[in-house]
Amino acid sequence: MQEMIQRAKALLESGQVSRVLGWKKGETEFDVEPAFFDTAESLDGLFYNAFCGANLSKYLIEAGKKEGKTLVFLKPCDSYSYNQLLREHRVEREKAYIIGIGCKGKLTVNKIPFDGILSVQGADYPDYSENLTVETLYGTKHISYKEAMLERCHVCKGKEHVVYDELLGESQDTVDAERFAQVTALEAMAPEERFAFFQAELSKCIRCNACRNVCPACSCRKCVFDSTAFDSAQKANTTSFEEKMFHVIRAFHVAGRCTDCGECSRVCPQGIPLHLFNRKFIKDINTIYGDYQAGADLESKAPLTSFRTDDAEPGVGRG
Amino acid sequence: MPVNENWKPTIVAFCCNWCSYAGADLAGSSRLSYPADVKIIKVPCSCRVNPMFILRAFEKGADGVILCGCHPGDCHYSTGNYYARRRMTLLFSMLDYLGVESGRTRVEWVSAAEGVKFSETMNSFVEKVHGLGPCVRLGDLRCKK
Amino acid sequence: MFRIQRENLPGLYAAIAAESDLFLPVKAAGKTNYALWSPECQPDLDTLKTVKSPKDVFFPQSENLYTCQRDAGKLSVTPEKHRDTPFVVLGMKACDVRAVAVLDKVFLSAPVDTYYAARREMGTIVSLACGKPEASCFCGTFGIDCAAPEGDVATWLTEDFLYWNPQSEKGTALTGKLTALLEPCGEETVAREKDGIHAICQRLPLKELSLSNWGAEAARKNFDSPIWEELYHPCLACGTCTFVCPTCQCYDIKDFDTGSGVQRYRCWDSCMYSDFTMMAAGNNRTSQMQRFRQRFMHKLAYFPANYDGMFSCVGCGRCVDKCPSHLNIVKVIKAFEKEGK
């Protein structure tokens, strides 16, 4: 982490960048906040560990409007989101200086099922330990790194940054599950079972909009769900229609643009597996229109803004 | 699900102005019958149909939704129906995934000369939706009187 | 003081539910939230914090105010009936019970919100002491004792028993209906439980949190502080904090077109949203920093100024647990603590 701080200070002091976007530590190892740093002194507070799951690319939209460049630390998955924002002209490449930071999988305290967690040891960068020691009010507990890992790290897209100005730190593969396994399992269920599953999950939704606000693909200045002309209530979840339709509509709006960064599922206070919608679209796109990874590059044609004259008819293979 | 024989499904059909709506007109002037349960909404091109229209139709009480447009390659605006085809493929697959039976949605390409095809399509779609029963999974309860 | 064996709790729930609606924490799809009891549901009194607070039972996330219907050319307007059937909400923690007192200040002062008042009238609160406080809890800062919660009936859950102590007329009336299931007992076990809980509270990391820089006077003092500019940046403006908070009470009133009429309803609003208090001309808050500041000034300065020094935060810690960017009221309080020194 010292390397990060030194490099950031050097770039800031040389005037190459006007501010630094990274993380700072709050009360505990798992209380980490995305933060802007404007002075070399404040950079002593720059922090990075295994709980830094937040995708910083979205903050660059606003940061890009300020004077000068912003130095940003992007993990491999975050860099896909940045590329996607670049494709859509929501950010300018010259406004960001990207350090591709190493990542060995990120953790979430939501997956640590102990009461009264005070601290988690073993999540330091770059020396993560395979087993974490969790100090709680009710005794010391242990959990493996893998068990506490974010869902998206189990299906990691890869440790290569797709866009960067320089690289810092090593990464490690953490894949141990098949990306579309859950989607395939759902597709194999009967329609009533699928509906019951989604109904149970989506009825927890409190319409807090955290998923929409954290999503780098959701950057519309005026969101369709904020429009007063839109009939269906954007704040209340009064009926079963709204519970389901918000998620499906949002998933459709980002279809073909979603990089599968997993932030939506990470932030949901009710633990709704939102990635199941986005991955369904991605799986369909891969199967029907050819493998496509949003944000992997700047040139390939996006699936929903292009076509082929011999595309499959809708409903091919359905009853 | 046992369905009352007398129950009539509500079908919403989005028809593009240049081909499928003209096809519907032709079906009418040729005195070919198709169920009155089909409510046609004319759009300039099948590409105009926003996925939210489909979802809104279900919200307001439709039991089945069908999109009709020019044959791929013959779109009045050259390429509109190609985009619509991709969009609807993904949307209908997602609705199926949610548990809304796939028989409730369909895309059919009907040209202005195909009055017979239009009426046959509507007849078979209404029959299919009738067999599935009322759509209870997507409706907004506030829209039921 | 009464008690009932834990394994007989399902019988207790059924007995309460036979006479009135029963709301309690229920586990569904992996998370615990307050819901209406049914024989098939999975009650969960062991999870300390529900994701959503129980304020829904008194102040629902959305409720109809009236319906306009057009029938054959005639227009009818039907207001919603006020709640007139009793209900019990069981398992509320001390912080959530205090939050109801905060909401009372707002909704029961003139002009009285009759929908809320009807629910308060009809509702009986059975609170539950916090056997295992969390590291994110800080109710003590607001003078709340989680070992002795307020409420019509206070309960304590041990390994084998649920201890039950009526604390008000409503509580005594409810207890009267359940004498077949509750056995009278002494006070010693509960006294020991309380001591145990107090001992844990002494070890909570947030026990030293001080409100010395907050209160009614802070309204003028802290408004212009440069600290706000430093704090607000990671805020995503999502609204999670407001929706999980047991004291947030802002709401919006909207109309819904049902096709054959209009339903006017009210629903929770969030001061984090960009259209909060947006007016046709001249918006008073246009930046996220202003909205962020507004939320905490309301909880820690404006509310005490308006309501005799009562803070509208109860230290439940849900915002600490749920904010996607790890911002919360504790960080705000601490940042100003440092400034005061």
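Which residues of the largest nonpolar core touch the most other members? They are A:L71, A:V72, B:I11, B:C16 and C:C139, out of 217 residues in that core. A nonpolar core here is a set of buried Ala, Val, Leu, Ile, Met, Phe, Trp, Tyr and Cys residues joined through C-beta atoms within 7 Å. Buried means that 20 or more other C-beta atoms lie within 10 Å of a residue's own; exposed means 12 or fewer, partly exposed is in between, and the C-beta atoms are placed from the backbone.

Before going on, a word about what you're looking at. This is a predicted model, where local features need pLDDT of at least 70 and side-chain atom pairs count only at pLDDT 80 or more, while totals for chains, interfaces and linings use all residues. Residues are numbered from 1 along each chain as its sequence is written, and chains are lettered from A and ligands numbered from 1 in the order in which they are written.

## Chains B and C side by side

Helices (H or I, at least four residues) and strands (E, at least two) are DSSP runs, numbered from the N terminus. The radius of gyration is taken over C-alpha atoms, and the globule rule is 2.2 Å times the number of residues to the power 0.38. Here is how the two chains look:

| Item | Chain B | Chain C |
|---|---|---|
| Elements | 4 helices and 4 strands | 11 helices and 12 strands |
| Radius of gyration | 15 Å | 22 Å |
| C-alpha box along the principal axes | roughly 40 × 35 × 25 Å | roughly 70 × 65 × 40 Å |
| Buried residues | 53% of 145 residues | 41% of 341 residues |

For chain B, a compact globule of 145 residues would have a radius of gyration near 15 Å, so the chain's 15 Å agrees. For chain C, the rule gives a value near 20 Å for 341 residues, and the chain's 22 Å agrees with that. If you walk along chain B from the N terminus, the elements run β-α-β-α-β-α-β-α.

Two residues are in contact if their C-beta atoms, placed from the backbone, lie within 7 Å. Take the contacts in chain B between residues at least 6 apart in sequence: 82% of them join residues at least 24 apart. In chain C, 70% of such contacts join residues at least 24 apart.

## The sheet in chain C

Now zoom in on chain C. Its 8-stranded open sheet has the order β3-β2-β6-β7-β8-β9-β1-β10, with mixed pairing. The edge strands are β3 (31-36) and β10 (183-184) of chain C, each pairing on one side only. Strands of a sheet pair through backbone hydrogen bonds, either parallel or antiparallel. Two strands count as paired if DSSP finds at least two bridges between them.

On one flank, β6 (residues 87-92) of chain C runs parallel to β7(C) and is joined to it by 5 bridges; C:L90 has C:V126 as its bridge partner. Strand β8 (residues 153-157) of chain C also runs parallel to β7(C), over 3 bridges, and here C:L128 is partnered with C:T155.

β8(C) pairs with β9 (residues 161-166) of chain C in the antiparallel sense, over 5 bridges. In that pair, C:T155 stands opposite C:W164. Helix α4 (residues 169-177) of chain C packs on the sheet, touching β1 (2-5), β6, β7, β8 and β9 of chain C, and its direction makes about 130 degrees with that of β9(C). Such angles run from 0 to 180 degrees between N-to-C directions, with axes fitted to C-alpha atoms, for helices over the stretch in contact.

Back to C:C139 from the opening: leaving out residues up to four places away in sequence, C:C139 touches C:A94, C:C95, C:I144, C:C146, C:V314, C:G315 and C:C316.

## Where chain B meets chain A

34 residues of chain B are in contact with 29 residues of chain A. On the chain B side, the elements giving two or more residues are α2 (51-59), α3 (80-98) and β4 (105-109). α3(B) gives the most, with 15 residues.
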